[in-house]
Amino acid sequence: MKQLKKIGRFFCSMKFALILLMILVVACTAGSLIQQKQAESYYIEQFSEQGARAIMLFGLNDVFHSLWFIILTVLLCINLVLCNLVHFPTLIRRMKEGYSLDKCLKAWDKEPIVVVKDAKPLFQQLGFRKMQEVQDAEGNTYLYAVKNKVGIWGAWLCHLGILIIIIGFSFGQMMQKEYTVYGVPGQTREVGDTGYELTIDNFEIKLREDDTVEQYQATVTMKDTKTGETQSGQTEVNHPLSMFGMKCYQNSTGWAANVEIWHDGVKEQEQLLCVGEYALVESMEGLAVVFSAFYPDYVKGENGGMTQSSQLNNPAYLYRLYFHDQVLGMNVLMGDERITIDNYDILFKDPQPYTLLQVKRDPFSWLTGIGGLVVLIALILAFYLRPAEIWAKLQEDGTYAVAGRSRKGGQLFIDKLKETGEAIADK
């Protein structure tokens with residue numbers, strides 16, 4: 001029975017919570033550093049065969065949905081709930097606990113910290129507004145005061161806030177929906193099945209002096225197709241935009257170009273393609289051209305190829321041509337070069353960057369926000385409203401012997417009490 005109680009106390013302890021938190025922090029770090037939800041071949045290429053095997057074995061390819069991560073999270077939630085339930089009655093009792101002569105006399109087991117002529121100014125300067133006075137059977141007078149009692153709830157509220165954050169995050173991950181929208185400025189795309197449309201108003205790639213990317217920046221407008229209401233804003237990498245309860249993330253970018261299809265010298269079709277997309281030739285069933293890749297600065301020659309420049313110096317287009325799913329050819333087109341097949345001409349032109357946006361809807365983000373607010377309040381209570389008590393005994397010569405204590409930052413409080421008392425005594 002004693003062993004079970006000991007296990008139960010450990011299960012409810014802060015020590016067990018810290019162990020779980022450390023493991024979860026390590027797991028979250030791994031989930032941030034390792035690309036999630038990729039095929040095993042990807043991890044073999046990035047981390048070697050042994051590394052990929054370890055990643056798949058421990059579920060590091062999908063950390064936040066792995067069984068062991070869920071079990072640890074549930075254990076932490078149970079620990080926080082039990083810890084709060086165990087300490088709640090004690091905190092209520094301490095809040096209701098008032099002044100008592102026995103408590104004051106018990107405090108006098110140690111020597112006073114300072115002796116002053118009048119204790120009341122000292123109490124007030126230290127922030128103790130309400131004082132209680134009592135006399136014992138022998139006629140001795142005692143003063144007692146307490147401040148910042150609410151500060152004892154700091155740790156309790158911190159546990160509660162963390163619990164709310166975990167619950168909000170967990171339900172959010174289960175219920176969250178994610179949509180991908182990509183295109184060039186001027187294009188409007190549907191946002192999945194949400195009933196909203198997203199228009200890309202502008203897209204800008206900011207470069208540093210060394211021609212490396214500093215920031216991707218997209219200006220977008222979202223429209224509710226039912227009500228016609230619109231909301232606009234700007235989204236950047238690591239700075240998502242909130243609209244209609246959804247968050248729009250600037251995820252990545254790529255290249256797009258217009259493909260023109262000419263038949264007998266007459267342009268009969270024009271279509272904007274992003275890399276990876278294809279166009280079907282409408283007047284010839286089964287004929288399709290795929291925009292496979294784009295090179296902003298391509299040098300043609302025996303050993304030629306793409307340079308490191310992102311400037312449109314010598315744009316080139318890699319294409320694949322299919323007829324009824326059979327590859328007819330693949331090559332790189334430079335400038336005004338075109339594909340010719342029978343009496344059809346196909347060419348690419350007007351290259352431009354496109355933006356790829358991720359739109360996420362998390363119905364429990366508000367709960368996570370409440371949890372964060374509770375944690376913030378808890379930290380204020382714990383670090384800025386430290387509970388403290390002070391007591392004084394009226395001595396035969398008319399002076400007051402004063403002592404006090406604080407459960408947090410005790411020595412700082414004693415030093416402050418001594419410093420303030422000596423300053424009052426010198427006046």
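Colleague: Is Glu 389 buried or exposed?
Modeller: Glu 389 has a relative accessible area of 10%. Buried means under 20%, exposed over 50%, and partly exposed in between (1.4 Å probe, protein chains only). Therefore Glu 389 is buried.

Colleague: What kind of model is this?
Modeller: Residues are numbered from 1 along each chain as its sequence is written, and side-chain values use heavy atoms, with hydrogens and water left out. Local features need pLDDT of at least 70, side-chain atom pairs count only at pLDDT 80 or more, and totals for chains, interfaces and linings use all residues; the model is predicted.

Colleague: How far apart in sequence are the parts that Glu 389 and Arg 405 tie together?
Modeller: The two side chains form a salt bridge, N to O 2.4 Å. Glu 389 sits in strand S18 (residues 388-394) and Arg 405 in strand S19 (residues 400-406), so the pair links parts separated in sequence by 16 residues.

Colleague: Which residues do salt bridges with shared partners join into one network?
Modeller: A salt bridge needs a side-chain nitrogen of Lys or Arg within 4 Å of a carboxyl oxygen of Asp or Glu. The count here is 6. One of them pairs Glu 270 with Lys 267, with the closest N and O atoms 3.1 Å apart. The network joins Glu 260, Lys 267, Glu 270 and Lys 349.

Colleague: Which helix holds both Glu 49 and Arg 53?
Modeller: Their side chains meet in a salt bridge at 3.3 Å, N to O. Helices are DSSP runs of H or I with at least four residues, strands are runs of E with at least two, and both are numbered from the N terminus. The pair is 4 residues apart, about one turn, in helix H3.
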